[in-house]
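Subject: Handing over the structure

Dear colleague,

I am passing on the structure below, and after it I set out what was found. Please read the notes with the sequence and the model open beside you.

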Amino acid sequence: MEKSLKKISLGVALAFAATAAQASGYHFGTQSVTAQSTANAAAAEAADASTIFYNPAGLTKLEKHEITAAINAVAPHIKYSAAEATYRRGGKVNGETGGKITDDIVIAPHAYGAYKVNDDVTVGVGVYVPFGSSTEYSKDSVLRHHLNQLGLTTIAVEPVVAYQFHPRHSIGVGAITQYSTAELRKYADWDATGSVSGLASYQASQRAGRQVSVDATGQADGHADVKGKDWGFGYQLAWMWDVNERARVGVNYRSKVEHKLEGTAEWQADGTMVQAAYPALIGKTVAEGGNGYVPHEKASVKIVTPESLSVHGMYKATDKLNLFGDITWTRHSRFNKAELVFENTKNIGGGKQSDRTIITPNWRNTYKVAIGGSYQYSEPLQLRAGIAFDQSPVRGAESRLNTLPDGNRIWYSVGAKYQYRKNHVFDVAYSHIHINDTTFNAAASTGDNVDSKGTATAKFNNYANILGVQYSYKFR
């Protein structure tokens, strides 16, 4: 629980860390059905207004004004099993040892618009979901002292301008505005230092007239519900080059976005022992003689979502067949440490005090490689497919988070594009995402900051399916 707020840092930092997110780390995974159908390999294609996300310089390749709207329905599957955990003072945590922790279906909408000012300048705006997650364990999970529930929604609004300064060269610039909301629930053992057992032993001794030893282990759970929100800002730079009539390459850079998530923490006693001890021992500030876990307080955390650099290409192999490729590097190592700062200082045992929870996931930088193609089967119908390898930023079981049991991913995507008359284009895509089974192996907290968890282990079985539909309308 003390760690509870720490994980708002994770909450935002992670899904902004999320397992429902379907790309490595905390990215949602796809912001266009046209791109999804090639496993996001087709950034150089600039097929519609959704190029705003993948390479805004591609707006100059559009022939008309255009509006594109897409919906992704994600069916994530993250199931844990064989979970075990201990209290920090020793002893086994009892409760549920396995189950599914994701929603059955998660819906993500995206919308883009492009307006051709003239033959050389095109402006546009995109509204899309870059991050999104929802993970929840049962309230009696043995992993509850790590994190019990996490939800995050991030919406980005990005105006862009693209300029063709040469018949074969275009550039694009975008201004990114992100609004994020996060919520989480975290349990903690308020007897991690023995203070609740000590108080219960003293009270029992007073009543009995003799020394009595009471062990509150397993009866000292409390939890925090945390909510927070924040605006963050960044930018996007892109270039696209038509090498010749058949080949095109592009480069896209998305900047980091800094966030300071500010919100509230609502603390509540659950165990029978702490329900009685909360008013006097736990639920007051240190200055008032309590441990600092007041019923309502402020909390904040600073995080940085990572920058990424993408290099992509397209080759017209025949009049009907196009081939695509993309390599994307992401600086996930920015999430190597996060500190959740509480409004009130807390007694953490051993004569120590702290006002923050610190996590050190120590993520690494990652890369994604995607290849795909499209085949013009007939005048209105185009068939599309792609495959991608998406590296996880998690280094191993010891640094993995139970709310993000992330592993390396392989995307398998198929789709189709159908043009009705000249102005209406329909896209549909299906992706199966294979995610390596992973393990979670957490050490107990050190007692140096606000965190009472013990050791924990678990196994995870992960995969996801995504169905996308999209409509584009072209007009003058």
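The side chains of Lys346 and Glu297 meet in a salt bridge, with 2.8 Å from N to O, where a salt bridge is a side-chain nitrogen of Lys or Arg within 4 Å of a carboxyl oxygen of Asp or Glu. Lys346 lies in strand β13 (residues 338-349) and Glu297 in strand β10 (residues 296-305), so the pair ties together parts that are 49 residues apart in sequence. Helices (H or I, at least four residues) and strands (E, at least two) are DSSP runs, numbered from the N terminus. Both Lys346 and Glu297 are buried; buried means under 20% relative accessible area, exposed over 50%, and partly exposed in between, with a 1.4 Å probe and protein chains only.

Before going further, please keep in mind that this is a predicted model, in which local features need pLDDT of at least 70 and side-chain atom pairs count only at pLDDT 80 or more, while totals for chains, interfaces and linings use all residues. Residues are numbered from 1 along each chain as its sequence is written, and side-chain values use heavy atoms, with hydrogens and water left out.

By the rule given above, the count comes to 22 salt bridges. Another of these links Glu258 with Lys256, the closest N and O atoms being 3.5 Å apart; here Glu258 is partly exposed at 48% relative accessibility, and Lys256 is also partly exposed, at 32%. Arg356 and Asp355 likewise meet through their side chains in a salt bridge, at 3.0 Å from N to O. Salt bridges that share partners join Lys337, Glu339, Asp355 and Arg356 into one network.

The next point concerns a run of strands. Strand β15 (residues 366-376) pairs with β16 in the antiparallel sense over 9 bridges, two strands being counted as paired if DSSP finds at least two bridges between them. A hairpin of 4 residues joins β15 to β16, and Val369 stands opposite Phe389 in β16. On its account with strand β17 (residues 409-420), β16 is joined by 10 bridges and the two run antiparallel, with Gly415 in β17 as the bridge partner of Arg384.

In a regular strand the side chains alternate between the two faces of the sheet. For strand β16 (residues 381-390), the covered face holds Gln382, Arg384, Gly386, Ala388 and Asp390, whereas the uncovered face holds Leu381, Leu383, Ala385, Ile387 and Phe389. In strand β15 one also finds Ile371, which is exposed with a relative accessible area of 52%. Ile371 and Gly313 are 58 residues apart in sequence and 9.6 Å apart in space, C-alpha to C-alpha.

Helix α5 (residues 272-282) has Val274, Ala277, Tyr278, Leu281 and Ile282 buried. Seen down the axis of α5, these buried residues fall within an arc of 140°, so they line one face of the helix; the arc is that of the directions from the helix axis to the C-beta atoms. Thr272, Ala276 and Ala280 are exposed on the other side of α5.

Most residues other than glycine have a negative phi, and most peptide bonds are trans. Ala39, although not a glycine, has a positive phi of about 60°, and Asn40, also not a glycine, has a positive phi of about 65°. Ala39 counts as buried at 1% relative accessibility, and Asn40 as buried at 7%.

Lastly, there is the lining of a cavity to consider. The second largest cavity is lined by residues including Ser32, Thr34, Glu45, Asp48 and Tyr54; a cavity is a set of points, on a 1 Å grid over the protein atoms alone, where a 1.4 Å probe fits but cannot get out, and lining residues have an atom within 4 Å of a point. Helices α2 (33-36) and α3 (51-54) each supply at least two residues of this lining.

Notes
1 Å grid on protein atoms, 1.4 Å probe; cavity = no way out; pocket = protein on both sides within 12 Å on 5 of 7 lines; lining within 4 Å.
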